[in-house]
Structure formats: structure tokens, C-alpha cells
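These are my notebook entries on one structure. I wrote down what I looked up, in the order I looked.

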Amino acid sequence: MVRALAYRGASVLMLRRATGDSLGGCWELPGGKLDELEDRTEYPLEALAREFEEECGLKLRGTPRLIASAPRVSPKGKLYQELTYLAEVADGAERLSHEHDEARWHPLHELAPGQLTEATADGLAALRARAAA
């Protein structure tokens, strides 16, 4: 799994999971699974760019930087590695997929807009720790 701490200025893009979906109502960072291609598994940065555009209709600018990596267990009990990248977002307006019902540019200095997924909470903590260092 890959996630983007996608920023514009001092805010990061957060998406709210649609009601009725897995983790419905929770806020998360854009991202998703690596796809199996015909001849190989998708590379993490390929998946990040694809998932980001699919989920919010935006493109990333420059080369994202890995800032966190953590083992996770899916709701179905599968173990996987979650990679969180810091990435700048190109200009444009969000266009949400069916997986989410709201997008918000969240200022880093403010409290979370609601319940966060574990990966989102960890990613924000990694970014704040990096900024404080």
C-alpha cells in the first residue's frame, strides 16, 4: 500500500471514506494498493501517482519522498507494508472517486477534522516529527 501526504503550502489533502465503505466516515490520505501488471507488480511511485489521480483527480508534482513505512493488517487480516510519501500537488481542483465523499485541505497546525485511519495518524505524526527536527 502507498499513501501520499500531499501538500499545498502548510496543508495536506485528506479524504473522508464514504459511508457504507470499509472505515466509512474516517479521514485518510490518498493512496491504495499496487496493481499486478502483465509482467510485474506496479512500482510504489507508479501506484502512488495512479491512485492519487484516481481518488482525487489531481496530479503529483516532482518526485515524492518516502517518510514512513509500517507493517499493517488489513480488515480481512492480511499483513502488508504501508509506505507513506511526502508529495507536492500540482494545481487543480479535486474530483472525488466513489470511495470518498469529501476532500479537505487540512492545515497541519489544526486538530484532525474527525476520526483518522491508523495510517493517516501515523503519517501526520511522521511529518510533524520531521518538521520539528
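Entry 1, terms. I count two strands as paired if DSSP finds at least two bridges between them. Helices (H or I, at least four residues) and strands (E, at least two) are DSSP runs, numbered from the N terminus. The model is predicted, so local features need pLDDT of at least 70 and side-chain atom pairs count only at pLDDT 80 or more, while totals for chains, interfaces and linings use all residues. Residues are numbered from 1 along each chain as its sequence is written, and side-chain values use heavy atoms, with hydrogens and water left out.

Entry 2, strand S2. I looked up the partners of S2. S2 and S3 pair in the antiparallel sense over 2 bridges, and Arg 16 stands opposite Trp 27 in S3. With S7 (residues 100-107), S2 pairs antiparallel over 7 bridges; there Arg 17 stands opposite His 100. S1 and S2 also run antiparallel, joined by 2 bridges, and Tyr 7 stands opposite Val 12 in S2. I noted that S1 and S2 form a hairpin with 2 residues between them, and that Gly 9 in the turn has a positive phi of about 60°.

Is S2 buried or exposed? I take buried as under 20% relative accessible area, exposed as over 50%, and partly exposed as in between (1.4 Å probe, protein chains only). By that cut-off 6 of the 7 residues of S2 are buried.

I checked the length of H2 (residues 118-132). The expected span is 1.5 Å times one less than the number of residues. For the 15 residues of H2 that gives 21 Å, and the end C-alpha atoms are 21 Å apart, which agrees.

Next I listed the buried residues of H2: Ala 119, Thr 120, Gly 123, Leu 124 and Leu 127. They lie on the same side of H2, because they cover an arc of only 130° around the axis. The arc is taken from the directions from the helix axis to the C-beta atoms. The face turned away from that buried side carries the exposed residues Glu 118 and Ala 132.

What do the buried residues of H2 pack against? I found strands S1 (2-8), S2 (11-17), S3 (27-28), S5 (60-73) and S6 (79-89), with contact meaning heavy atoms within 4.5 Å.
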